[in-house]
Every structure is written in C-alpha cells, then in structure tokens.
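Student: I would like to learn how to read a model like this one, feature by feature. Could you take me through it?

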Amino acid sequence: MRPEFIGHYTEFMDDDNSTYPGSDELLAIGSAVGKKLGLQKIGIHIETLYPGRRTSWPHAESTEEEFAFVIEGNPSAWIDGNLYPLRPGDFVAFPSGTGITHTFINNSNHTARLLVGGERPKSDNRIYYPLNESQNQVRRERGDFWDDIPLKTQGPHDGIPDLQKNGRPATWNLPVLETKRLILRPFEMSDAPAVFEYAKNPNVSRLLIWEPHKTLADSQGFIKFIHQTYLDNVPTFGICLKENPEKVIGSVGAMWVSQKNKIMELGVALGEDYWGRALSSEAMLRLVEFLWQRYDVLRIQSQCKAENVQSKRMMEKMGMTYEGLLKKNLFCKGTSWDMEMFSFTRN
Ligand SMILES: CC(C)(COP(=O)(O)OP(=O)(O)OC[C@H]1O[C@@H](n2cnc3c(N)ncnc32)[C@H](O)[C@@H]1OP(=O)(O)O)[C@@H](O)C(=O)NCCC(=O)NCCS
C-alpha cells in the first residue's frame, strides 16, 4: 500500500465542465495533484488539453509566479499575441511581475498534457486579461484588477483556438479519445477520401441501413451530415489507429433514441481490412465510457440485423446484455429485418 502522498493524476481529474462565468467554452480538464496530495505552498496541476481548447483566456498575474511543462502532445504557448509551438519537454516560465500575458492553446489533432504549477493564491495578486474586457470588469469588481501592468506590444493572434474559428460552431466540443491502440476524433472534411475507401466496399454496409458510397461526394455528404449533428452534440468519432492518426479507418458513434427516456444507441463500422482484431469493441467501449461521463443517459443499446453474426459476437464480447430478437423491427432496403438487441444500463 502506497503512502497517501503518492497518487496518479487520473484519480483526481475534474469533470469536463470548466468554463468562465457566462461562457460555454470548455477549457482544459485539470487535475489538482498538488492540493490532493497535500502540498500547501505551491499549486501543481496536470492539465489535459483537448484539440480546439485552451487552458484559460489570455491573462497575466502580478505577483504569483507560474510555469508550464509539456508532458505530451503539441500545444502552443500564446504569449503577448504571438503563438509559439511547443513539444514534449518544453518548459515555459512566467516570472512574477513581468506582465507576460499568456495561455496555452491546442491547435493540433491530438490531446496535449501539461504540468502547470505556481504559487498558491496570494492576497496581493492582481490579474489582467488583454482580450477579455468582461473578465477585467469582473476583476475590477473583485478588487484584483491589475491596472498598472507593464504591458508589452501585443502581437496579432486573437488567442482563439483554430477549431473554434473556421466557421466551426461553438458547440463543436467533441474531444479526442484514446484507447490502447486507437485514437477516436471528430471527423474533418479532409477525411472524405479515407471514408470513401472503406464505405465503398459493399461488404461493410451489406447488413447495415446505408448503401455503399458510389462517389467521393457520398463520403463528403456523410461528413457534412456528421458536422450538422455535432451542432446537437451527437458524438460520432472517426476511428484511427494510433500509428496512423491521420487516416480514418471507420466510425463509431451514438445517437439519442429518446432523450426523454435517457436512451442512446451505438453504431460502428470498420474498414474490412481491419476486421478480426477486436478494434471495434475497443472503440465502442471507450465511447460508452465517454457517454456515461458526458451525457444524461441511463440505457445504451445496440442492435444489429439477425444475420450479422460478426456484430452480434462483438457485442457479446463487449459484455453487453443480450435482450432478445425483435422480429420485423426494421423495414429497410425493401424488406423487414429481425433485429438482435443488446444493452448496457447505468447502475
Ligand atoms: C461488426 C464489426 C464492427 C466487428 O468489428 P471487428 O473489430 O472485426 O470485431 P472483432 O474483431 O471483435 O470480431 C467479431 C467477430 O467477427 C468475426 N470476424 C472477424 N473477422 C472477420 C472477417 N474478416 N470476416 C468475417 N468474420 C469475421 C468473428 O466471428 C469475430 O468473433 P471471434 O473473435 O469470436 O472470432 C465489423 O465487422 C464491421 O465493421 N462490420 C460492418 C459494419 C457492421 O456490421 N457494423 C455493426 C453494426 S451494429
């Protein structure tokens, strides 16, 4: 048994709901390892920074010294209006009183992790936000606005992560998920050729409700549709192997069957070249974990055509409860389909 001052950061991770008051922009997910393990004088956090997120709004602190160390991924340091790409091992120091305005932005496609530390809150500390006047006003009202900051010339960068620009909806907040072998990430329009590669194969959709894609435009249309559903927070991820995270080899997602009754349904499809390695169940189980965390759902179901023995076997191996055969439960492609029903329920 380890002493109580040793711990793993994942044990202390906050919920993914960190925002500024009045804003729905999700920030990094913190894990207050220092505080949780008993440190009194310094604050140490491990920040998990999903693509398209930032650790905070750009700001500077007058008396509290801060630093950041990149553990994993490629975030960028936003410093006084300029972006500086970082890599694992980079260390960034913000000596107190210098007035360096800063934040960390993840413009990459992969999760970044930072160790961020600093002095515990000091009563004389004051804060300045170069780009968020509303926050300066909050600070003025609280009496800790840094009004005489030695401001440097600010560069041109607006401090907004790329994924929040480019016409992306503000609700685009799907994270990138990881498993042992896979990366699950939001679809990009540039994924269309990779989607076409697997979706044109009739074997993939033979027992599903959709038809094989005939042209690249079909795959572009699919991604466009998925992007629309992101507006409603419908989570559909592209499945990528960790060794080639640029190439989507399938998709996994969940849709509401009934929000009122708190029921969602899973769906998955994988390129035929990747069948037989239990990759789909690995992706599905990670998605299920994400759904339990992020959605107000009590039942997660999955059904497949009775003839789809591969899918049935996959759901059995995932540990889903088999609930039975629903006769003629779907009319599709000109006939009635008997459907096998499986579920997970929240305890
Ligand atoms: C169903 C599907 C998602 C399973 O994914 P997978 O990652 O291959 O799953 P698994 O590796 O766990 O294999 C499940 C079963 O499929 C069968 N299987 C595996 N590879 C196969 C192959 N190349 N050809 C035929 N059957 C195969 C095996 O019976 C296996 O069970 P086993 O491990 O006990 O032998 C995948 O085959 C697929 O995308 N099919 C087309 C779309 C689809 O049917 N989606 C499910 C909708 S609910």
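Student: How many helices and strands does the secondary structure of the protein chain come to?

Tutor: Let's begin with the inventory. This is a predicted model, and its protein chain has seven helices and 18 strands. The C-alpha atoms fill a box of roughly 75 × 50 × 40 Å along the principal axes. Of the 347 residues, 31% count as buried. Among contacts between residues at least 6 apart in sequence, 64% join residues at least 24 apart.

Student: Which domains does the domain assignment of the protein chain give?

Tutor: The assignment gives domain 1 (9–164) and domain 2 (177–345). Their C-alpha centres lie 36 Å apart. To read the meeting of two domains, look at the residues in contact on each side. Here, four residues of domain 1 are in contact with four residues of domain 2. By class, the domain 1 side has three polar residues, one charged residue and no nonpolar ones.

Student: Now the sheets, please. In what order do the five strands of the open sheet run?

Tutor: The order is S1-S2-S9-S4-S7, with antiparallel pairing. The edges are strand S1 (29–31) and strand S7 (91–94), each of which pairs on one side only. From one strand to the next, the twist averages 25 degrees. For a closer look, follow the pairing of strand S2 (residues 42–49) with strand S9 (residues 112–119), which is antiparallel and extends over eight bridges. Within that pairing, leucine 49 has alanine 112 in S9 as its bridge partner.

Student: And in the open sheet of three strands, why is one side of strand S6 and of strand S8 left without a neighbour?

Tutor: Start from the order, S6-S5-S8, again with antiparallel pairing. Strand S6 (82–85) and strand S8 (102–105) stand at the edges with a single partner strand each, so one side of each has no neighbour in the sheet. Neighbouring strands in this sheet are turned by 25 degrees against each other on average, direction ignored. Strand S5 (residues 76–79) is joined to S8 by four bridges, and serine 76 stands opposite isoleucine 105 in S8.

Student: How do I judge the cover of a helix, and what is the count of buried residues in helix H2?

Tutor: Go through the helix and count its buried residues. Helix H2 (residues 133–142) is hardly covered, as one of its ten residues is buried. Glycine 143 follows H2 and has a positive phi, near 80 degrees.

Student: Let me try a single residue. Why does glycine 267 count as partly exposed?

Tutor: Count the C-beta neighbours inside 10 Å. A residue is buried at 20 or more and exposed at 12 or fewer; glycine 267 has 17, so it counts as partly exposed. This glycine is found in strand S15. Its C-alpha atom is separated by 8.3 Å from that of methionine 255, twelve residues away along the chain.

Student: Last, the ligand. Which residues around the ligand come nearest?

Tutor: Of the 22 residues around the ligand, the nearest are Leu270, Trp275, Gly276, Ser280 and Gln310. Next, ask which elements supply the shell. Strand S15 (263–270), helix H6 (279–294), strand S16 (299–305) and helix H7 (309–317) each give at least two residues. H7 has the largest share, five residues.

Student: How do the residues of that shell divide by class?

Tutor: The shell around the ligand holds eleven nonpolar, eight polar and three charged residues.

Key
Residues numbered from 1 in each chain as written. Predicted model: local features only at pLDDT ≥ 70, side-chain atom pairs only at ≥ 80, totals over all residues. Near = placed C-beta within 6 Å. Nonpolar A, V, L, I, M, F, W, Y, C, P; charged D, E, K, R; others polar. Pairing = 2+ DSSP bridges. Axes fitted to C-alpha atoms, helices over the stretch in contact; angles between N-to-C directions. Domains from an automatic or database assignment. Contact = placed C-beta atoms within 7 Å.
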